[in-house]
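This report goes through the sheet, the helices packed on it, and a selection of side-chain features. The sequence and coordinates come next.

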Amino acid sequence: MPRWRKRSQKSVLEVFEVNVLSFQGACVKNVTLNRPICRATHDIKLDIIPQWDHILYDEENFLRIPEQLRTNGKEFCQNIIGGAIGSVKKRIEANYKKVVPQLYNDKIQLLVPLYLTNPDKPDLALVLSLSDDKTVYYGHTCLTTEMAYNNARLIARPDSYWLQP
């Protein structure tokens with residue numbers, strides 16, 4: 001270890017692997033983790049596989065989707081939600097605080113906002129669980145933002161601006 005590098009810097013360098021440095025002001029892009037910091041860390045490289053049967057074909061869950069979208073049918077809603085999932089992956093890459101943990105059945109799940117009708121205000125929160133083999137996330141269901149706020153605050157005060165009461 002070089003003399004100029006302090007012990008604390010060494011531990012930080014062991015955790016992070018910088019693939020590409022792109023300094024724009026004080027911004028470093030494309031930093032990936034060598035190991036997860038905690039179980040609530042979201043891995044942006046993994047795909048999200050929505051569980052459409054539960055999201056669209058369970059009547060209680062379908063009613064959570066904004067009415068202006070529901071009136072166009074389930075196939076239309078699937079297309080809109082699928083597009084919102086692709087969009088939110090880019091938002092998470094830009095700001096990891098978009099992902100909020102929740103505790104459900106003694107397991108950590110992740111809540112991500114879905115912007116369906118307004119690009120500035122989420123309509124729903126998609127509940128994500130990591131697959132057993134840790135290769136994909138399953139989007140189990142969609143919650144209203146109020147439901148997501150109540151579930152997230154069971155762990156800690158939510159530190160994400162999209163998830164406010």
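In this predicted model, Ile49 stands opposite Tyr138 in strand 7. The two strands concerned, strand 3 and strand 7, run parallel and are joined by four bridges.

As a general point, strands of a sheet pair through backbone hydrogen bonds, either parallel or antiparallel.

Strand 5 spans residues 107–114, and because six of its eight residues are buried, the strand is largely enclosed by the rest of the structure. Strand 5 pairs with strand 4 (residues 100–104) in the antiparallel sense over five bridges. In that pairing Leu103 stands opposite Ile108 of strand 5. Strand 5 is also joined to strand 6 (residues 124–130) by five bridges, and these two strands run antiparallel. Here Leu110 stands opposite Leu128 in strand 6.

**Turns and loops**

Which residue in the turn of the hairpin formed by strand 4 and strand 5 has a positive phi of about 50°? That residue is Asn105; the hairpin has two residues between its strands. Asp106 lies in the loop between strand 4 and strand 5 and has a positive phi of about 60°, although it is not a glycine. For context, most residues other than glycine have a negative phi. Asp106 counts as exposed because its relative accessibility is 74%, and the cut-off for that class is over 50%.

A positive phi also occurs at Lys134, again about 60° and again not at a glycine. Lys134 lies in the loop between strand 6 and strand 7 (136–144). With 58% relative accessibility, Lys134 counts as exposed.

**Helices on the sheet**

Ile48 is found in strand 3 (residues 47–50). Is Ile48 buried or exposed? Its relative accessible area is 11%, so Ile48 is buried, the limit for that class being under 20%. Leaving aside residues up to four places away in sequence, Ile48 touches Ile85, Lys89, Leu126, Leu128, Tyr137 and Gly139. Ile48 and Gly82 are 34 residues apart in sequence, while their C-alpha atoms are 9.7 Å apart in space.

**Salt bridges**

How many salt bridges does the model contain? The count comes to two. In one of them Lys89 pairs with Asp47, and the closest N and O atoms are 3.7 Å apart. Lys89 lies in helix 5 and Asp47 in strand 3, so the pair ties together parts that are 42 residues apart in sequence. Lys89 is also among the residues touched by Ile48. In the other salt bridge the side chains of Arg64 and Glu60 meet, at 3.6 Å from N to O.

| Residue | Relative accessibility | Class |
|---|---|---|
| Lys89 | 21% | partly exposed |
| Asp47 | 47% | partly exposed |
| Arg64 | 17% | buried |
| Glu60 | 56% | exposed |

**Cysteines**

A disulfide is a covalent bond between the sulfur atoms of two cysteines. How many disulfides does a search of the whole structure find? The search finds zero. Cys77 counts as buried, at 1% relative accessibility. Cys142 is buried too, with a relative accessible area of 2%.

Definitions and conventions. Residues are numbered from 1 along each chain as its sequence is written. This is a predicted model: local features need pLDDT of at least 70, side-chain atom pairs count only at pLDDT 80 or more; totals for chains, interfaces and linings use all residues. Side-chain values use heavy atoms; hydrogens and water are left out. Buried means under 20% relative accessible area, exposed over 50%, partly exposed in between (1.4 Å probe, protein chains only). Two strands pair if DSSP finds at least two bridges between them. A disulfide is a pair of cysteine sulfur atoms within 2.5 Å. Contact means heavy atoms within 4.5 Å. A salt bridge is a side-chain nitrogen of Lys or Arg within 4 Å of a carboxyl oxygen of Asp or Glu.
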